[in-house]
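Hi,

Here is the structure I promised to pass on. Have a look at it first, and my notes follow below.

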Amino acid sequence: MSEKDSPAAPKPGTPPLKLPSYKKASRLTHPQNTVIPLGPYAIGGDEFVIMAGPCSVEADPQMLGTAWEVKIGGAHIIRGGAFKPRSSPYSFQGLAEEGLKMLSKARELTGLGIVTEVMDSSDVDLVESYADIIQVGARNSQNFSLLKRLSKCQKPILLKRGLMNTVDELLSSAEYILAGGNEQVILCERGIRTFEPSTRNTLDLSSILTIKEKSHLPVIVDPSHASGKAHYVAPLSRAALAVGADGLMIEVHCAPESALCDGEESIEPGQFRDLMVNLAELAPAFGRRISTLTPELLAQNQR
Ligand code: PEP
Ligand code: MN
């Protein structure tokens, strides 16, 4: 979103507006969009930032292979969970520090930054020592002690919307991080729980408009967890670009059928490359660019 799309500052003499409880996250106290540097790029400006990778870090070859694939596809950041919030205690729980080391190796080889989830305050130091962006998952979106702890981190925080949270509740969660001193918060719409059973969650695309109206913080969309269906990911990604999101978080797996987590919503590297070419072509119509897709890479992937 360009500066001209941001609401203008109030005219002198206008009576003071009642501030919401999320003062720092509110656009009333900070009219300009927050732009967060991410290595050579930034989120919240013209760049449409793509975070992509497997749901969870499973093994060295899987992580490295997928990291290369998403790099070639034009991603800015690699995703992968080493601490996994699973509904069942018997499901794969993640590789913890071993997984963080695999992510770190993938960063060394590809040059891409890492976003990975932290679930517990006691792991924040460990995760911060590896991650470039620390993710708070939907299930921890209102874990206030974790949010307070993350407010003391030096790294940007990717805060996902809780399954049952309103936009105001999401902004109040962001406020915990901002109020404690960490101003680098990226929001993520990943679908909410509704009465509609045809998708895993219901992607609330209008929340992007509400968030942009109420807040200056960047916001991305996760079409993978929102839909739970790999073949919905591309159309929902295009919709997210069109509605004004600042980027996407997409699950990509080299062999979705054997993924240890969320295979049914993971797209394959070829599908990711095609989607990225498509998004790079569409982006200028919405005032965005995907500069990781250099003309050479674009020509190569268009084939
Ligand atoms: C994830 O991104 O791996 C994840 C678990 O997502 P969510 O918290 O949105 O369910
Ligand atoms: Mn997942």
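Which residues are buried in helix α6 (residues 206-214)? They are S207, I208, I211 and K212, where buried means under 20% relative accessible area, exposed over 50%, and partly exposed in between (1.4 Å probe, protein chains only). These residues sit on the same side of α6, because they cover an arc of only 135° around the axis; the arc is that of the directions from the helix axis to the C-beta atoms. The buried residues of α6 pack against α5 (167-179), β8 (185-189), β9 (219-221) and α8 (230-243), with contact meaning heavy atoms within 4.5 Å. Helices (H or I, at least four residues) and strands (E, at least two) are DSSP runs, numbered from the N terminus.

Before you read on: this is a predicted model, where local features need pLDDT of at least 70, side-chain atom pairs count only at pLDDT 80 or more, and totals for chains, interfaces and linings use all residues. Residues are numbered from 1 along each chain as its sequence is written, chains are lettered from A and ligands numbered from 1 in the order in which they are written, and side-chain values use heavy atoms, with hydrogens and water left out.

Now the ligand. Around ligand 1 you'll find R79, K84, P85, E117, Q135, G137, A138, R139, K160, R190 and H225, each with a heavy atom within 4 Å of it. By class, that shell has two nonpolar, three polar and six charged residues (Ala, Val, Leu, Ile, Met, Phe, Trp, Tyr, Cys and Pro count as nonpolar, Asp, Glu, Lys and Arg as charged, and the others, Gly among them, as polar). Oxygen atoms of ligand 1 come to 2.9 Å from a side-chain N or O atom of Q135, 2.9 Å from one of R139 and 2.8 Å from one of K160. The protein covers 97% of the 300 Å² of accessible area that ligand 1 has on its own (Shrake-Rupley method, 1.4 Å probe).

Most residues other than glycine have a negative phi. A96, however, has a positive phi near 50°; this residue lies in the loop between β4 (77-79) and α2 (97-110) and is partly exposed, at 26% relative accessibility. D262 also has a positive phi, about 55°. D262 belongs to the loop between β10 (247-251) and α9 (269-282) and is buried, at 11% relative accessibility.

Lastly, R27, in the segment before β1 (36-38), is buried with a relative accessible area of 5%. The R27 side chain reaches the backbone oxygen of P31 at 2.7 Å.

Cheers

How values were computed: A polar contact is a pair of N or O atoms within 3.5 Å; within protein, one must be able to donate a hydrogen and the other to accept it, and residues adjacent in sequence count only if both atoms are side-chain atoms.
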